[in-house]
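Good morning, and thank you for the time. I would ask you to keep the model on the screen in view while I go through it.

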Amino acid sequence: MQRYKILIVSALVVFTISALSSRIFHSELTDIPHKAETAATTAEKEPNNKKDVVLYASRQKKLHTALNAYFRKAIAKGDVVGAGVSIVRGDSIMISEGYGRKNSLESNTVNGETVFRLGSLSKGFAGMLAANIKSEGKLDWTDKVSDYLPEFQLGDGSNTNNVTLANVLSHTSGTPYHSFTNLVEADIPLKDIAKRFKEVMPISKPGVMYSYQNAMFALCGEMMKKATGQKINTLLDNRFFKPLEMCTTTTNYETLTHELNIAMPHVRIRNGWRAAHLRDNYYNAVAAGGISSNAHDMGRWMRFLLGHNPEIMKSDAIGEAFNPFIEIAGHRKYYQRWPGHTRSYYGFGWRIHKFIEGDTNFEKTIWHHGGSVNNYRNEIAVYPEADLGICVLLNNNSPIAGTVIPDLYEIVKEVYSQTEPKEVQKVSVTSL
């Protein structure tokens, strides 16, 4: 009898611990992110428990309704032509939808598979690729550019010999703002651009000052090529796009021109927006701005960044790209005016923002980047503590771009903070 009582008590203890663990695991917008350490497929994961299924569907429906209202208003106001939007929560792509039109003169609407040029969102892929190669021991943040590109020279020898991969990826090489972006725009090969940096007078020693670059940043692709023997296009395909099943994400102009489901870029005119032509710039500098994708693929990308594909890349290796390397001074950038913002840094291909939410004293993190190329304007933000990712792709230089991330974050937070809907409560009662 005594043994029987012990077994009952043990069972109750195990049940209580399991229930508490489950409750913690499923807590909404928690301060500590859940990092899956078991293999996960790239298909969206939906809950199996009946109550969780109903709750998942209810939240997804509310997100759809709120986003429809948000973008319908922006389109009616003339701020948005077309948008591809993805929201990831945990290991589920909750939203990968389109809003508005692919071309202002046509009726075809944007959907989750509609392709946009990413612009500088490409930098986040390059930074993560470098972290991936580093995890294999083929590359290191302290590797010098001149060791991989002997033709590279910046100012005098002391500067040249001290510019590292970390400096290139964090915009801290010491070069003036946007040095030789004009040469990238002119489709000059990167090796030729590397030679031209000897004409540039550095504004600081490497690692001291943040100064945003495209041409210098793109040299990381040449370094990765030397380290692996493969072009950055192939590396991205084999290490990220194919294993994550990002089937529509590409890095070349020819493929883009043959894409049927594409959102055309738009330029501002007096009474609205006019469709413009696709341009072939930045395909010589893929790392800086040469990737194209759609909302659904970007959902897969964000889920990977949150650590839900450890079979592809472990969380500790992913985290290296998000280490704050240099502080971004000032308060004039649009992201420095986001609610609760305290300070910003640049890591390797990513901005890292710190913010305080509401009346709490707890500082949270956003991994973020904006992108603009060929009249496309995009934003991506990952909230690691909330296990949340938001990406918005726009085919015009929309005025909402500067606030769309905090706007959608508030929508998501509102949906997930609501009490259980009646349909979920009914399932709970039925289950009892």
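I begin with a definition: rings of Phe, Tyr and Trp (its six-membered ring) count as a pair if their centres lie within 6.5 Å, and a pair is called stacked with planes under 30 degrees apart, edge-to-face with planes over 60, and tilted for the rest. With that criterion, Phe125, Phe240, Phe241, Trp301 and Phe304 form one aromatic cluster.

Two remarks on provenance. The model is predicted, so local features require pLDDT of at least 70 and side-chain atom pairs pLDDT 80 or more, whereas totals for chains, interfaces and linings use all residues. Residues are numbered from 1 along each chain as its sequence is written, and side-chain values use heavy atoms, with hydrogens and water left out.

First, the overall picture. The protein has 16 helices and 12 strands; these are DSSP runs numbered from the N terminus, with helices being H or I of at least four residues and strands E of at least two. Of the 432 residues in the protein, 55% are buried. Here, buried means under 20% relative accessible area, exposed means over 50%, and partly exposed lies in between, with a 1.4 Å probe and protein chains only. A contact means heavy atoms within 4.5 Å. Among contacts between residues at least 6 apart in sequence, 68% join residues at least 24 apart.

I turn to the aromatic pairs, of which the structure holds 21. One of them is formed by Phe71 and Tyr99: the ring centres are 4.8 Å apart and the planes stand at 15°, so the pair is stacked. Phe71 belongs to helix H2 (residues 50-77) and Tyr99 to strand S2 (residues 92-100), so the pair ties together parts that are 28 residues apart in sequence. Phe71 is buried, with a relative accessible area of 0%, and Tyr99 is buried as well, at 6%. Phe125 and Trp301 also pair, with ring centres 4.0 Å apart and planes at 10°, so this pair is stacked. It links distant parts of the chain, since Phe125 lies in helix H3 and Trp301 in helix H13, 176 residues apart. Both Phe125 and Trp301 are buried.

Which residues of H10 are buried? They are Ile232, Asn233, Leu235, Leu236, Arg239, Phe240 and Phe241. Helix H10 (residues 232-241) is thus mostly covered, with seven of its 10 residues buried. Seen down the axis of H10, these buried residues fall within an arc of 160°, so they line one face of the helix; the arc is that of the directions from the helix axis to the C-beta atoms. The buried residues of H10 pack against helix H3 (122-135), helix H9 (215-228), H12 and helix H13 (295-305).

The loops on either side of H10 deserve a word. Gln230 sits in the loop between H9 and H10 and, at 30% relative accessibility, counts as partly exposed. Leaving aside residues up to four places away in sequence, Gln230 touches Met224, Lys225, Leu235 and Asn238. Glu245 lies in the loop between H10 and helix H11 (253-257) and is partly exposed, with a relative accessible area of 41%. Glu245 has a positive phi of about 55° although it is not a glycine. Most residues other than glycine have a negative phi. Asp387, in the loop between S11 and strand S12 (388-394), likewise has a positive phi, near 55°. Asp387 is buried, with a relative accessible area of 6%.

Finally, the second largest pocket. On a 1 Å grid over the protein atoms alone, a pocket is an open set of points where a 1.4 Å probe fits, with protein on both sides within 12 Å along at least five of seven lines, and lining residues have an atom within 4 Å of a point. The lining of the second largest pocket comprises 33 residues, of which Tyr177, His178, Tyr212, Lys333 and Arg351 lie nearest its centre. Helix H12 (286-289), strand S10 (363-373) and strand S11 (376-383) each supply at least two residues of that lining, and the largest share, five residues, comes from S10.
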